[in-house]
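The following exercises are to be worked with the sequence and the coordinates at hand. Each task is followed by a solution in steps.

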2 protein chains.
Amino acid sequence: MEKIVEQGILYDFYGELLTEHQRQIYEDAVFNDMSLSELADAYGISRQGIHDLLKRCDKMLLSYESKLHLVERFEKIKRKIRQINETEDMKTVRKISAEILEEL
Amino acid sequence: MEKIVEQGILYDFYGELLTEHQRQIYEDAVFNDMSLSELADAYGISRQGIHDLLKRCDKMLLSYESKLHLVERFEKIKRKIRQINETEDMKTVRKISAEILEEL
């Protein structure tokens, strides 16, 4: 489950940097939960070919994150916004929002 | 000025996706304000070569933004955080922070 979530998040951020062909197969695998055999049938590629393509996509998405750290930055901001949402104290709001502006 | 700022922001987000060589020359041009002639001398490339490299870098950075829209998303969040920073009303804080969480 953890892996599916993470793949989904990385794909949301960097999926547009994959080719249209890669995106179709990756979406069917990760979001539509199709098996290697189903994907192989659907796209006329060997199971090994599908497997390699998915691994290559994962690697590319991870590589973009390791260079750009945008998922990490967004997640950090998200946590702070949740803190703002949970406090009743305006001083705390000011403190956290200043921290976020420094991140941005 | 506008262009320098924009180049700088795009570079902050996507610069890591350029090669080390491109990054060096791009930084010298955009942040250290070196001229084409100075860059040509420093890197042993023709002025035309430097010019082409810088144009290619600009194009790549813009292309990443046109696909990923991350500068745009960050700027949007930044504007909303500033609104949070300026209000005295906790209800407004809640409303804006909920909007930001939807963006994230």
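**Exercise 1. The contact between the chains**

Determine how many residues the contact takes from chain B and from chain A.

Solution. Step 1: apply the criterion that two residues are in contact if their C-beta atoms, placed from the backbone, lie within 7 Å. Step 2: count on each side; chain B gives 20 residues and chain A gives 20 residues. At least two residues each come from α1 (2-14), α4 (47-68), α5 (70-86) and α6 (90-103) of chain B. The largest share of this side belongs to α5(B), with 7 residues. Step 4: sort by class, with Ala, Val, Leu, Ile, Met, Phe, Trp, Tyr, Cys and Pro as nonpolar, Asp, Glu, Lys and Arg as charged, and the others, Gly among them, as polar. The side of chain B that touches chain A then has 14 nonpolar, 2 polar and 4 charged residues.

Conventions. The model is predicted, so local features need pLDDT of at least 70 and side-chain atom pairs count only at pLDDT 80 or more, while totals for chains, interfaces and linings use all residues. Residues are numbered from 1 along each chain as its sequence is written, and chains are lettered from A and ligands numbered from 1 in the order in which they are written.

**Exercise 2. The relation between the copies**

State which rotation and which shift superpose chain B on chain A.

Solution. Step 1: superpose the copies by least squares on the C-alpha atoms of residues with pLDDT of at least 70 in both. Step 4: compare the surfaces; 100% of the contact residues of chain B recur in chain A, and the same surface serves both copies. Step 5: locate the axis; B:Met90 is the residue of chain B that comes closest to it, with its C-alpha at 3.6 Å.

**Exercise 3. The overall form of chain A**

Decide whether chain A is a compact globule or more spread out.

Solution. Step 1: list the elements; chain A has 6 helices and 0 strands. Step 2: compare the radius of gyration, taken over C-alpha atoms, with the globule rule of 2.2 Å times the number of residues to the power 0.38. The radius for chain A is 19 Å, well over the 13 Å that the rule gives for 104 residues, so chain A is more spread out than a compact globule. Step 3: check the extent; the C-alpha trace spans about 60 × 25 × 20 Å along its principal axes. Step 4: consider the domains, whose bounds come from an automatic or database domain assignment. Domain 1 covers 2-68 and domain 2 covers 72-103, and 33 Å separate their centres, taken over C-alpha atoms.

**Exercise 4. Burial and helix α2**

Identify which residues of helix α2 of chain A are buried.

Solution. Step 1: call a residue buried if 20 or more other C-beta atoms lie within 10 Å of its own, exposed if 12 or fewer, and partly exposed in between, with C-beta atoms placed from the backbone. By this count, 20% of the 104 residues of chain A are buried. Step 2: in α2 (residues 20-30), the buried residues are A:Ile25, A:Tyr26 and A:Ala29. Step 3: viewed down the axis of α2(A), these buried residues fall within an arc of 100°, so they line one face of the helix. The arc is that of the directions from the helix axis to the C-beta atoms.

Key. Helix = DSSP H or I, 4+ residues; strand = E, 2+ residues; numbered from the N terminus.
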